[in-house]
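Please keep the sequence and the model in view while reading.

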Amino acid sequence: MPDTPAITQVTVRYFAAAKAAIGMPEESVDVREITDIAALIARAPESARPVLERCSFLVDGASTTDLATPLAGARLVDALPPFAGG
């Protein structure tokens with residue numbers, strides 16, 4: 001049985017204020033360069049980091065606020081800023 005190739009790209013989707021801060025709705029990122037959520041935030045433009053630091057994240061559908069969450073093997077990361085309203 002052949003080995004499954006390692007996932008090296010993760011799609012990062014930005015919503016609401018995160019989308020506005022980053023300036024795009026989504027991007028593809030090399031997970032060899034960003035090992036965890038903290039590294040994802042660190043590579044963002046400096047002006048966007050305060051917004052991303054307040055986000056919760058979905059990593060392949062699993063919710064987290066832990067910036068040490070690893071991204072190895074992940075296919076999709078959603079950055080969800082706090083939402084107001086009710």
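## Strand pairing

Strand β3 pairs with strand β5 (residues 76-80) in the antiparallel sense over four bridges. Strands here are DSSP runs of E with at least two residues, helices are runs of H or I with at least four residues, and both are numbered from the N terminus. Two strands count as paired if DSSP finds at least two bridges between them. Within this pair, Ser56 stands opposite Leu80 in β5.

The model is predicted: local features need pLDDT of at least 70, side-chain atom pairs count only at pLDDT 80 or more, and totals for chains, interfaces and linings use all residues. Residues are numbered from 1 along each chain as its sequence is written, and side-chain values use heavy atoms, with hydrogens and water left out.

## The β3-β4 hairpin

β3 also pairs with β4 in the antiparallel sense, over three bridges; Val59 has Ala62 in β4 as its bridge partner. The two strands form a hairpin with two residues between them. On β3, Phe57 and Val59 make up the covered face, while Ser56 and Leu58 make up the uncovered one.

Most residues other than glycine have a negative phi. With a relative accessibility of 43%, Asp60 is partly exposed (buried means under 20% relative accessible area, exposed over 50%, and partly exposed in between, using a 1.4 Å probe and protein chains only).

Ala16 also has a positive phi, near 50°. Ala16 belongs to helix α1 (residues 16-22) and is partly exposed, with a relative accessible area of 45%.

## The nonpolar core

A nonpolar core is a set of buried Ala, Val, Leu, Ile, Met, Phe, Trp, Tyr and Cys residues joined through side-chain atoms within 4.5 Å. The largest one has 22 residues, of which Val10, Tyr14, Leu40, Leu52, Leu71 and Val77 touch the most other members. Two or more residues come from each of β1 (9-14), α1, α2 (37-42), α3 (49-53), β3 and β5.

Contact means heavy atoms within 4.5 Å. Leaving aside neighbours within four places in sequence, the contacts of Val10 include Val29, Val31, Ile34, Leu76 and Val77.

## Leu67 in a loop

Leu67 lies in the loop between β4 and β5 and is partly exposed at 29% relative accessibility. Leu67 and Asp36 are 31 residues apart in sequence, yet their C-alpha atoms are 6.8 Å apart in space. Beyond four places in sequence, Leu67 touches Asp36, Ile37, Ala38, Ile41 and Phe57.
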